[in-house]
Amino acid sequence: MTQLALVIDLNVCVGCHACVTSCKQWNTSGSAGPLTDDNPYGADPIGSFFNRVQTFEVGEYPATQTVHFPKSCLHCEDPPCVPVCPTGASYKRKEDGIVLVDYDKCIGCKYCSWACPYGAREIDEARQVMTKCTLCVDRITDTSLPEAERKPACVMACPTNARLFGDVHDPKSEVSQAIRERDGYELMPEWGTRPANRYLPRRQAD
Amino acid sequence: MPSTPIHDPSAPPVPGAATEIRTTTCYMCACRCGIRVHLRDGQVRYIDGNPDHPLNKGVICAKGSAGIMKQYSPARLTLPLRRKPGSERGAGEFEEITWDEAFATLESRLRHLRATDPKKFALFTGRDQMQALTGLFARQFGTPNYAAHGGFCSVNMAAGMIYTIGGSFWEFGGPDLERARVFVMIGTAEDHHSNPMKVALSKFKRAGGRFIAINPIRTGYAAIADQWIPIRPGSDGALLLALIHELIRLDLVDHEFLARYTNASQLVNLDSESDDYGLMLRNPQGDVVNPLRPHNFFWWDQATNAPVSDHAEGASPALTGRFTMPDGTPAAPAFELLKARVADCTPEWASAITGISADTIRSLAHELGTAARDQKISLPIAWTDSWGKRHESVTGSPVAFHAMRGLAAHSNGFQTIRALAILMSLLGTIDRPGGFRHKSPYPKAVPPNARPPKGPDAVKPDTPLNGAPLGWPEGPDDLFVDAAGEPVRIDKGFSWEHPLSAHGLMHNVITNAWRGDPYPIDTLMLFMANMAWNSTMNTSEVRKMLCDRTVTGEYKIPFLVVCDAFHSETTAYADLLLPDTTYLERHDCMSLLDRPISEFDGPVDSVRIPVLPPTGQCKPFQEVLVELASRLGFPVFVNPDGSRKYRDYPDFVVRYETAPGSGIGFLSGWRGENGDKALRGEPNPRQWDMYAQNNCVFHYRLPVEHQYMRNWNQGYLDWAQSAGLRRDRDPIVIHVYSEFLQRFRLAAQGRHLGKQPPERLRERVERFFDPLPFFYEPLEWQATDTDSFPLHAVTQRPMAMYHSWDSQNAWLRQIHTYNFLYVNTRTALDAGIGDGAWMWVESRWGKVRCLCRHSEAVEPGTVWTWNAIGKQRGAWSLDADANESQQGFLLNHLIREELPDGEAGGRISNSDPITGQAGWYDVRVRIRPAEAGEPAESWPQFDAMKPVSGMPAKAPRRQGWMAGLMKVIR
């Protein structure tokens, strides 16, 4: 059974935010959109983004590490956002494992965002529905795009090629190989969500 | 509860919409990636990287992906405006005018200035990339008062390297990360070549390369470095000299490379009584090679123990030793003098200055030197050098560097960067695989052949300048000074205050014009330059200068023309405000005559072709210049009968040639009647079509035997001359020792027959014009009580807003809504400042209140912030209470454009004494917590700007961009 996912290589992510705005622009005008921005030119602007990058520090000077950490819905194999949804709007596709929101059923109760341990779901204030990464399902199924471009917008954009895309259930896929060879890890495995997205850790050159 | 979804996640949201894809070139920063703009019913639906473009190969950054919000920003200026008669400059009260009126006003005023005193017209441009046109306009007008932002930004990086190796970083050259094994990034946050750097760096890391970042701060690229070496700002020169010391001590220098390809073995005149002391000895029997820049030097041949012509067949040149010429003149190879210079530059010495441990310095030198020596690359490419020797292969030492503003933006930056270029040469890495590689049009001569005019006589009414407004002096007689040795330019460029000011000094223009020193001007025209805000030092005072009047009531700068696409802080000061288009609405070229996008393997130029029609009454600034130039009858822009020659900018780009029949124009692709000539050929009327059909880019690939060692590769040099990239075809020998600097020193010592510095500047010129690099503390530290102001303050641009102003962009501003001052946690706690607390940062000159963010990723003696995030209230279509103005702040208020000079109340530019580079990062500060009861907002605050005609009166409260369905300004 296919499980599409992203593998994010923290060893080469420089925090440029290409994935953040390429996702925003693709999805705001796509079937997942529009993605509302509230107070876009005023105090405390806040808008719907499916993908965000947090940069944080680890350790004490001078042994400080600075980590750029992109995060979007991890398309969990056992997604806690699905069973809590009162309308069935939150669902996981059988054919490829993508977790989606059915906007026509969603009532914006936000229960799913409480259940998600990763903070991957945001309410769109204008439409009052929950939004999240769709793995650009409208791109990956669009046969009018050249095959090499049937990938999520963030994967196409990323200048350091820090985002890999593929089927983590296929042992021969690029993503499965990366996870094996580079010790790809789950985010917060203790929650038992079995996130499909994985992260490749930092490593030192010899 | 599984059930069939109702909403189809793949259904087109605007069914039946007309879609179209057009290629052009991005302009969100100075990288200039190839992009595809996807339109839906004529509105931008998506912008992605063009997979077929050589520069970015399909990737795109945060800014490029947010271009939609730039195009449709409510901060767009869309109408030409005139300051309302009777209103004050700075009040932002404008009335609408037509373009005809705007042109008539400009034509009449500029015609008068051109006919009477052309230098009263000054044109300064900010982050633009079209200096080939703006420079041509200024030259044809006949004014010397022109520059872009280089002097203000990083001219030291250009000059320090170009005066040494004939090339520099940015789009002119860079690290060959495909073959490097060790990569050192020093003083860099981001750079023009930003997406290619990201692509190359990640491949480099994946291939197991070792990446070392030397920077006071660990952000951005440095986050993924294998080793972060924190360093104190302004001390990089000491580190580099210590590394040179170590490499020489351990004999880890590339002898062969130095002897043959640099001037390290050339004999220097050490007769201290001679007027040629410190210059290279000249061999009257030697081959001059190029009379315009003679090459007849001496080597000392170890085999015969006698001087010989440099590059004599079979000679074994000494790098060290002290010798006596047959006529008794004492001499030594340049390398010997370098060795003596760095003898005291020990790791211990550098450690005290830089804060880096001596062990780390030793270890770094050892790593770089042994990697260069032991991991040599050999490519089976045969080539012939300029002295006739055929080489069967190209050798590489896989140690690469990248450096940028952290080294340049100091008053000691030129000598620091000379040290870097020399270090790179000692390791044998110039234009070699795995090292540093040039990009066309570089390498150029050391220095390139453009020279500024030589004196006030060059400025004549109704006459173009007889030289480029900017250039590369080789000696005192190339300075642009009057009979008293005083400056001719308004920014005092190419004067004895800073002779090698190749990029001008934008940071002193307004102050000098206001003060009338060296003279008052009439009209200041600014393009894409926010000089009343972050593109200036001493912001508050400069804003007052723009409004200051003479005793008769006229403004001290009588006429101010501002051209911009957006409602920046500077627009409020305009007398005439001209709305520029965005990059999606114009033709443009990334030209070999200016700043192209070349690859290592050959020249690349590109264009912008409009994807959208101009919004409102916006007109590309290039069209404004072509129109004015035509109306004013500049020789290049009119036919022999005086009629207008060029219909518009695209027509100019195709048909303009640098000289009649030269075949060299703004674009190098598809030249010739049949479009089959490259680089040189007759104008091709279909040239724009050819670019449009080819991803807006032209890539010329050099044959592989011309891709390396190009400073000395005769096949390449012959081709470069024939293609018009260089005037000459002589080898570009690396100047480890700079004779040109020594010439200025000799003049200061009275040992030169031509131009002499004014008395008050003799000592300064003598001190700083050292032919070998040396470390000195930045000039600002010498004017500051560093015990009272113990900390350094620096800025960076974040990647998501690099090289642009992006707060008018609804998406990008959600990434950087306001800025903190980052302070090392220990340093902040010692000062009693909590994380997230309000604080004051003060220099000798000014103070700012801002928010503190504790950080472990900054060395304890440095505080820093992201530059240009802080805005004036109401600017950029932001609400008066937007975070950019309430919490955001500028460090610029702490920095002066001038320093005190001497006892008698003199002043001098706050710049590098060699190049006039603005010393931004020299400022010294102290910090303290804000008092309880102080307002929770940044200080200083300014009155709120009002929107102007042509902008919507109010920006939307809520927006969800769905292309094809939006109401946009037309």
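Tutor: The account below begins with a group of helices in chain B and then turns to several loops and to chain A. Please bear in mind throughout that this is a predicted model.

Let us begin with helix α11 of chain B, which spans residues 347-354. One of its partners is helix α8 of chain B, residues 236-249; the axes of these two helices come within 9 Å and cross at roughly 165 degrees. An angle over 145 degrees counts as roughly antiparallel, and α8(B) is therefore roughly antiparallel to α11(B). The crossing of this pair is left-handed. On the side of α8(B), the contact is formed by B:Ala238, B:Leu239, B:Leu241, B:Ala242, B:His245 and B:Glu246. On the side of α11(B), the residues taking part are B:Pro347, B:Trp349, B:Ala350, B:Ile353 and B:Thr354. Sorted by class, the contact between α8(B) and α11(B) comprises eight nonpolar, two polar and one charged residues.

Helix α11(B) also packs against helix α12 of chain B, residues 358-374. Here the axes are 8 Å apart, and the angle is about 120 degrees. Angles of 65 to 115 degrees count as roughly perpendicular and those over 145 as roughly antiparallel, while an angle between these ranges is oblique; α11(B) and α12(B) are therefore oblique to each other. The crossing of α11(B) with α12(B) is right-handed. From α11(B), the residues B:Pro347, B:Glu348, B:Ala350, B:Ser351 and B:Thr354 meet B:Ala358, B:Ile361 and B:Arg362 of α12(B). By class, this contact of α11(B) with α12(B) has four nonpolar, two polar and two charged residues. If you compare the lists, you will find B:Pro347, B:Ala350 and B:Thr354 in the contact with α8(B) and again in the contact with α12(B).

The loop of chain B between β33 (862-866) and α26 (883-886) contains B:Gln872. With a relative accessibility of 7%, B:Gln872 counts as buried, because buried means under 20%. Apart from its neighbours within four places in sequence, B:Gln872 is in contact with B:Trp533, B:Arg543, B:Glu569, B:Ser885, B:Phe942, B:Asp943 and B:Met945. The loop between β33 and α26 of chain B also holds B:Trp876. B:Trp876 is buried, at 1% relative accessible area. Its phi is near 60 degrees, a positive value in a residue other than glycine.

Elsewhere in chain B, B:Pro940 belongs to the loop between β36 (924-929) and β37 (958-960). The peptide bond that joins B:Trp939 to B:Pro940 is cis, with omega about 5 degrees. A further loop, between α18 (649-655) and α19 (687-693) of chain B, contains B:Thr658. B:Thr658 is partly exposed, with a relative accessible area of 38%. Leaving aside neighbours within four places in sequence, B:Thr658 is in contact with B:Leu593 and B:Ile664.

A cis peptide bond runs from A:Gly33 to A:Pro34, with omega near -5 degrees; A:Pro34 lies in the loop between α1 (18-28) and β2 (36-38) of chain A. In the loop between β2 and β3 (46-47) of chain A we find A:Asn39, which has a positive phi of about 55 degrees although it is not a glycine. A:Asn39 is partly exposed, at 21% relative accessible area.

Finally, consider chain A as a whole: five helices and eleven strands make it up. Its radius of gyration is 17 Å, close to the 17 Å that the globule rule gives for 206 residues, so chain A is as compact as a globular protein of that length. Buried residues account for 63% of the 206 residues in chain A.

Methods: Residues are numbered from 1 along each chain as its sequence is written. Chains are lettered from A and ligands numbered from 1 in the order in which they are written. This is a predicted model: local features need pLDDT of at least 70, side-chain atom pairs count only at pLDDT 80 or more; totals for chains, interfaces and linings use all residues. Side-chain values use heavy atoms; hydrogens and water are left out. Axes are lines fitted to C-alpha atoms, for helices over the stretch in contact, and angles run from 0 to 180 degrees between N-to-C directions. Helices (H or I, at least four residues) and strands (E, at least two) are DSSP runs, numbered from the N terminus. Angles under 35 degrees count as roughly parallel, over 145 as roughly antiparallel, 65 to 115 as roughly perpendicular and the rest as oblique. A crossing is left-handed if the near helix is turned anticlockwise from the far one by less than a right angle, and right-handed if clockwise. Contact means heavy atoms within 4.5 Å. Ala, Val, Leu, Ile, Met, Phe, Trp, Tyr, Cys and Pro count as nonpolar, Asp, Glu, Lys and Arg as charged, and the others, Gly among them, as polar. The radius of gyration is taken over C-alpha atoms; the globule rule is 2.2 Å times the number of residues to the power 0.38. Buried means under 20% relative accessible area, exposed over 50%, partly exposed in between (1.4 Å probe, protein chains only).
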